[in-house]
Amino acid sequence: MRIIQALLCLLVIAGLLAIAILLTNPAWAAGSVPVPTPTYDPLATPVLPENPSPKELGATIYYHHCMPCHGDQGQGLTDTFRGVWEEEHQNCWGRGCHAGRPKDEGFYIPTVVPAVMAAGDALPGYYTPQQLFDYLETTHPPQEPGRLGDEDTWALVALLWEGNGKPA
């Protein structure tokens, strides 16, 4: 008899717990199943809206021309960021990537590629957008400086300027 009473007590407690869970989770109470949050893909191509702002255009240009070296969030070429690439592309200084290739097939990549966006300002030496534009136009992309053209370089400046919290 005591075993039956104990089982009934456990059933009552389990029922009360189930009711408490339903009352504290409205999605479950409504009968819907929670949807998992999509995970961030650092290599996902950005979607360019029909009428992009300069910053949105800059994000697309950054993805195609800057992200492989400066990171998906502008953090620089960190070990963590290199880890998102396929294993054979993770050693940027290995033979076949940037080392041991003819000049027309590649370009030298330094062992430390700096951050270009940070909450504390990764570009402290630039006081005007024009200074940053002039630097990028004459040095980037490293394999062919000036290739981006004025409109794309200005869009990139808009992204980097705002990404560093610099005043408009």
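The model contains four salt bridges, a salt bridge being a side-chain nitrogen of Lys or Arg within 4 Å of a carboxyl oxygen of Asp or Glu. This is a predicted model, in which local features need pLDDT of at least 70 and side-chain atom pairs count only at pLDDT 80 or more, whereas totals for chains, interfaces and linings use all residues. Residues are numbered from 1 along each chain as its sequence is written, and side-chain values use heavy atoms, with hydrogens and water left out.

Select Glu 162 and Lys 55 to begin: their closest N and O atoms are 3.0 Å apart in a salt bridge. This pair joins distant parts of the chain, with Glu 162 in helix α7 and Lys 55 in helix α3 (residues 54–65), 107 residues apart. Helices here are DSSP runs (H or I, at least four residues), numbered from the N terminus.

Proceed to Lys 166, which forms a salt bridge with Asp 121, the closest N and O atoms being 2.9 Å apart. Lys 166 lies in the segment after α7 and Asp 121 in the loop between α5 and α6. Lys 166 counts as buried at 13% relative accessibility (buried means under 20% relative accessible area, exposed over 50%, partly exposed in between, with a 1.4 Å probe and protein chains only).

Finally, select Asp 79 and Arg 82, a salt bridge at 2.8 Å between the closest N and O atoms. Asp 79 is exposed, at 59%, whereas Arg 82 is buried, at 15%.

Methods: Helices (H or I, at least four residues) and strands (E, at least two) are DSSP runs, numbered from the N terminus.
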